[in-house]
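Open the model in your viewer and keep the selection tool at hand. The stops below say what to select and what is there.

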Amino acid sequence: MNPGNAGTPGAGQGMPAGAGAGSPAGRRTPGRSVHGLARLLSRPVSWVTGTGTRPSDGGSTTARDLALRHRLLLALSALLTLSLFVSYQGVHDDADPLRTSTAPAVLSLDTALYALGEAQRDAAQPVPTSDFQKQISVAVQSLAAAAADDDLGGPGGRQALQTLAGLITVYADKVQRSQLQPQGSLLREAYLSYATGVLTEKGAGIQDRLKALQRQQRAAVHRQTSFGPLLWLAWSVTLLLALALTAALLETQRFLRHRFRRRYNRQLIAALLLLLAGVTVTVQFTVWTQAGMNRTRTLLDLPLPGRFIPDAGRDTASLLAGTGFRAAAAVWILIGGALLMALAETGLRRHIDDYRFRPR
């Protein structure tokens, strides 16, 4: 045997134990770094999905499955609560202001216009009558009632009402002066002509100013009663989330029954009943409120003769009755959402704790 060849096997045998560049030991450090980076990046995903590291073959997936369902139920409950609250408020936030201020302001402006029309007819009578002063008083009181709506006509609404009140005072004064003059005198005609101009001048007269405010108020009614694309989208998302949470609760109940041989989980059943009842009630309240608002808008858009204005006021109050109570119910959405999350938490917590503290 060649002595030079005798060292070759020894050298070959020593290679695996060395730290050569091509040996597995030489690749241990970078491989460990890559693996650590992968675990670090997977943590957020594992937290959200609840999957984590899968068990080895034959291992139980119960802990992972419980964590997944636990996080899913809590996330869907929170999202549904937020979406339902926003959607519900989007309708009911405008219902009470419509009932208490906007709709009465429209009817007050209608009353003022009607009263001024009647006053104009009485002003042309050859003999002064007490009806003229009564109609002026009705017009002034109606403007005062309209001023109760702080949003009337936007920022300049209150100033516009003050201007109108001053113009009505001027109009009434000129008419009364004309009625003190002899029938057929030039001074009487001059006073009456000036008063008529104050009332009917195009663009600057009392009637045109009132009609401009009336158009603005009717536009406000349309904004408050509109069920636009954003509300449709919000309610569509809300109903989809409600369906998803219903499906998740039913699936979790089925999972617990199959895995733990328990027929019912009382907390999950209670959460399901609370979900169905809450969504049903809020949807029904919203349908009632929106229907009343739509009918109110239709009623206020109609030209109302003076004798029908009080009837319109009573009809509006009837159509919007209960909107204040239904609007106040929004706080129960938040309470119900918190209770829903608490039921989902307690329904799974015992099982999760059993597996968390189970020895491996």
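Select residues 266-301, helix H10, and residues 309-319, helix H11, in this predicted model. The two helices pack at an angle of about 165 degrees, and their axes are 9 Å apart. Two packed helices are described by these two quantities, the angle between their axes and the distance between the axes. Angles over 145 degrees count as roughly antiparallel, and H10 and H11 are therefore roughly antiparallel to each other. Look along the pair from the side: H10 passes H11 in a left-handed crossing.

Next, show the side chains where the two helices meet. On the H10 side, select Gly292, Arg295, Thr296, Leu299 and Leu300. On the H11 side, select Ala312, Asp315, Thr316 and Leu319, which those H10 residues meet. Colour the selection by class: the contact of H10 with H11 has 4 nonpolar, 3 polar and 2 charged residues.

Stay on H11 for the next stop. Which residues of H11 are buried? Select Ile309, Ala312, Thr316 and Leu319 to see the buried ones. They cover an arc of only 80 degrees around the axis, so they sit on the same side of H11. The general rule is that an α-helix has 3.6 residues a turn, so residues three or four places apart point the same way.

Now turn to the opposite face. Arg314 and Ser318 are exposed, and they lie on the face of H11 turned away from its buried side.

Move on to His92, in helix H3 (residues 62-92). Is His92 buried or exposed? With a relative accessibility of 1%, His92 counts as buried, because the cut-off for buried is under 20%. Leaving out residues up to four places away in sequence, select what His92 touches: Phe285, Thr286, Thr289, Arg326 and Ala327.

Finally, clear the selection and show the whole protein chain. How many helices and strands does the secondary structure of the protein chain come to? There are 13 helices and 0 strands. Of its 360 residues, 35% count as buried. Consider also the contacts in the protein chain between residues at least 6 apart in sequence: 77% of them join residues at least 24 apart.

Technical notes:
Residues numbered from 1 in each chain as written. Predicted model: local features only at pLDDT ≥ 70, side-chain atom pairs only at ≥ 80, totals over all residues. Heavy atoms only, no water. Axes fitted to C-alpha atoms, helices over the stretch in contact; angles between N-to-C directions. Helix = DSSP H or I, 4+ residues; strand = E, 2+ residues; numbered from the N terminus. Parallel < 35°, antiparallel > 145°, perpendicular 65-115°, else oblique. Left-handed = near helix turned anticlockwise from the far one by under 90°. Contact = heavy atoms within 4.5 Å. Nonpolar A, V, L, I, M, F, W, Y, C, P; charged D, E, K, R; others polar. Buried < 20%, exposed > 50% of the residue type's maximum accessible area, 1.4 Å probe, protein only. Arc of directions from axis to C-beta.
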